[in-house]
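Subject: Structure handover

Hello,

Please find the structure below, as promised.

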Amino acid sequence: MDRKTSASSSAVRTVAVIVLAHNEERRIAACLGSLPLEDEAIAVHVVVNGSSDRTAEIARGFAGITVHDWPEGGKSRSWNRIVLDTPGVDADAYVFVDGDAEVLPGSIDALVGALAETGANAASGLPANGRRAGAYREGIMREHGLFGDLYALSGNFVSRVRARGIRLPKDLIGDDGLICALAKTDLEDESHWDDRRVEPCAGAGFLCEPITASISSLALQARRMRNYSVRHFQNRIVSRIMRSEGPQALPEYLATLYAEHLPTFRPRLDPRYYWFDRQALTSMRADARRAGAA
């Protein structure tokens, strides 16, 4: 077995809070401390994926939390495993939290309430700090967007995802974008798109760690920018699938489709993205060769 599970009852609860964490030993305590752990109607699952630090150990120090410690990395892979493949994770609503985010008081109730009141498939929390927090909040409210740091899915929607066997590609970067699209299309192709199926929730917010000026933070930001570039090109592939066959046609690995799509991809000319796009395309060509060899 490659899964180690500790603590907590397996009984069905009204709300399942799923915390996805990779190497978050500095932030996981603050994240878990911001959750309403004393609420017996809430079952908290911490999914530690591919971590090499003390994230799982720290999480196990919190009473009433189930810790899933999986050696494989990848947020989308871990999302599939906890939502689709792990018995006993059943609820009327599912709240997803990034392991480096702090959830503002009342946010869980606000998200669950928004789902119940509107009948939406998803409800999205809003960033409460950061240099561009105001612009992000405005964009989420206007476009009915969804941030991976904090969002909720209805139990009915998750049940239908399970019944349809829809899975996120394991190598997908930016799981929140696809989840938002699945919610808005009601698990169909983009001709069924309806923004109202994702409800922005003004009463739900989160804090993220601010970026400081240091060598390590600059290196981290560079890695993020490369990942954002890969996400940009992956989104173009996913959008083509969602516009045609729909989510049933999503592959296990997007890399298996890279060879088909890469000849049409070019770096964006915007100087903010050009260099990172070039690096992303180089990486994706290597992934395409490996996928072809496999």
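**Cysteines**

Cys180 is buried, at a relative accessible area of 9%. Please keep in mind that this is a predicted model. The sulfur of Cys180 has its closest cysteine sulfur in Cys201, 15 Å away, which is too far for a bond. Cys201, likewise, is in no disulfide, the nearest cysteine sulfur being that of Cys180. Cys201 counts as buried because its relative accessible area is 6%, and the cut-off for buried is under 20%. A search of the whole structure returns zero disulfides.

**Salt bridges**

Side chains of opposite charge can pair when their charged atoms come close. The structure holds 19 salt bridges; a few of them are described here.

- Arg27 and Glu102 meet through their side chains at 3.6 Å, N to O. Arg27 sits in the loop between β2 (15–21) and α1 (28–33), while Glu102 belongs to strand β6 (residues 102–103), so this pair ties together parts that are 75 residues apart in sequence. Arg27 is buried, with 12% relative accessibility, and Glu102 is partly exposed, with 24%.
- Glu57 and Arg54 form a salt bridge with an N to O distance of 3.3 Å. Glu57 is partly exposed, at a relative accessible area of 49%. Arg54 is also partly exposed, at 42%.
- Asp270 and Arg272 form a salt bridge at 2.7 Å, N to O. Asp270 is partly exposed at 24% relative accessibility, whereas Arg272 is exposed at 54%.

**Surface patches**

Which residues make up the patch of positive charge on the surface? They are Arg266, Arg278, Arg285 and Arg289. Of these, Arg289 lies in helix α10, which covers residues 274–293. Arg289 is exposed, because its relative accessibility is 57% and exposed means over 50%.

There is also a nonpolar patch on the surface, formed by Leu269, Tyr274 and Trp275. Together these residues have about 390 Å² of accessible area.

**In brief**

The search found zero disulfides, and the structure has 19 salt bridges. On the surface there is a patch of positive charge made of arginines and a nonpolar patch that includes Trp275.

Regards

Key. Residues are numbered from 1 along each chain as its sequence is written. This is a predicted model: local features need pLDDT of at least 70, side-chain atom pairs count only at pLDDT 80 or more; totals for chains, interfaces and linings use all residues. Side-chain values use heavy atoms; hydrogens and water are left out. A disulfide is a pair of cysteine sulfur atoms within 2.5 Å. Buried means under 20% relative accessible area, exposed over 50%, partly exposed in between (1.4 Å probe, protein chains only). Patches are made of residues with over 30% relative accessible area and no salt bridge: like charges are joined within 9 Å, nonpolar side chains (Val, Leu, Ile, Met, Phe, Trp, Tyr) within 5 Å. Accessible areas come from the Shrake-Rupley method with a 1.4 Å probe; for residues, only the protein chains shown count as cover. A salt bridge is a side-chain nitrogen of Lys or Arg within 4 Å of a carboxyl oxygen of Asp or Glu. Lys and Arg count as positive and Asp and Glu as negative; His and the chain ends are not counted. The place of a charge is taken as NZ of Lys, CZ of Arg, CG of Asp or CD of Glu. Helices (H or I, at least four residues) and strands (E, at least two) are DSSP runs, numbered from the N terminus.
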